[in-house]
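Subject: Structure for you to look through

Dear colleague,

I am passing on a structure for you to look through, and my notes on it follow below. Please keep it open beside you as you read.

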Amino acid sequence: MKLEQIEQVVEVAKTKSISQAAANMYISQPNLSLSIKNLEKEIGHQIFARTGKGIEITAFGREFISYAQTILLQLYQLRNMSLDDTKNTLSFSIANMHYRYVNHAIGTLFQNHQSDNIRMEVFEGGRDSVINAVYEKNCEIGIVGMFSHYHKIALKQFDSKDIQYYRLSSNPITIAVGKMNPLFYKDSNYVTTDLLDQYPLVVLNELDCGPYVSVLEGLGLQRLKTRIVVSERATVYDLLEKTNCFTITTTNQMAYKNTDYYPDIRSLILEDSQICGEIGWIKRKDHLPSKLTLEFLQILSGYYTILN
């Protein structure tokens, strides 16, 4: 296994296209395909499943990519250590589950300290990748979302990795739709499950076959068979803009009112749900947050309570 193969796998997973990944890495598509096939042969598992519509990440591939991202992040940090004057540089590192308003808070922190020789590292990935980034000491803190349905299980997972969890907000489950879905133009800010029966569901794979699969049952949506299952949050929102699908989210509406939500996406509160969405931040138990981290958390917390 070569480092370049790990980089190639991560790039293919990021772009969801071998041809695009090859172009980004300035190598030919046949060479990239052969390199990945050789890696899969070496480790004895498929990372990507080839279909008529392109590629899909296998269950093994998702786990492999999670570790690969951690390895690359550590390598890049080692490379940068020789370039940094750490004595005169403020540093801040965070792992985030692709929440747009979190990036808004990161940008605000950067603007506050742009003249202070600051170095910021932002890692984005799924829940497990964020947890691993904090556990492996690649990031100081992480921002994670979860359904209240699995709060106790998540706390056990954090505790097993000596990670502390601090809740930032608890909010109703929301449904996100794009302009091609008639619900986008609904007068009310609320929606019931019976209104969703006629629309397809686009969902992260963890809700389809992973640890959160029973969330659909709890919301009364398990009966919906027409669905698109994806591995990345960004793909969910791309598909919402291009189809009449809807998705289930832990989106905090207050936070997005204070920043900028996706302009062609609308968030609606699901009525009568016994399950809530929850957002929190995590850190290692042996780690004392820096002043920059505390400032960032103060900025972020403000989004949940103050309207512009």
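For the angles in this note, an axis is a line fitted to C-alpha atoms, for helices over the stretch in contact, and an angle runs from 0 to 180 degrees between N-to-C directions. Please bear in mind that this is a predicted model.

Two packed helices are described by the angle between their axes and the distance between the axes. Here helix α5, residues 100–113, packs with helix α12, residues 291–303, at an angle of about 130 degrees, and their axes are 9 Å apart. Because of that angle, α5 is oblique to α12, and the crossing in which α5 passes α12 is right-handed.

Thr58 sits in the loop between β2 (54–57) and α4 (59–81), and it counts as buried because its relative accessibility is 16%, where buried means under 20%. Leaving aside residues up to four places away in sequence, Thr58 touches Gln46, Ile47, Phe48 and Ala49.

Most residues other than glycine have a negative phi. His98, however, in the loop between β3 (90–96) and α5, has a positive phi near 65 degrees. Asp162 also has a positive phi, near 55 degrees; it lies in the loop between α7 (151–160) and β6 (163–172), and with a relative accessible area of 48% Asp162 is partly exposed.

Best wishes

Technical notes: Residues numbered from 1 in each chain as written. Predicted model: local features only at pLDDT ≥ 70, side-chain atom pairs only at ≥ 80, totals over all residues. Heavy atoms only, no water. Helix = DSSP H or I, 4+ residues; strand = E, 2+ residues; numbered from the N terminus. Parallel < 35°, antiparallel > 145°, perpendicular 65-115°, else oblique. Left-handed = near helix turned anticlockwise from the far one by under 90°. Buried < 20%, exposed > 50% of the residue type's maximum accessible area, 1.4 Å probe, protein only. Contact = heavy atoms within 4.5 Å.
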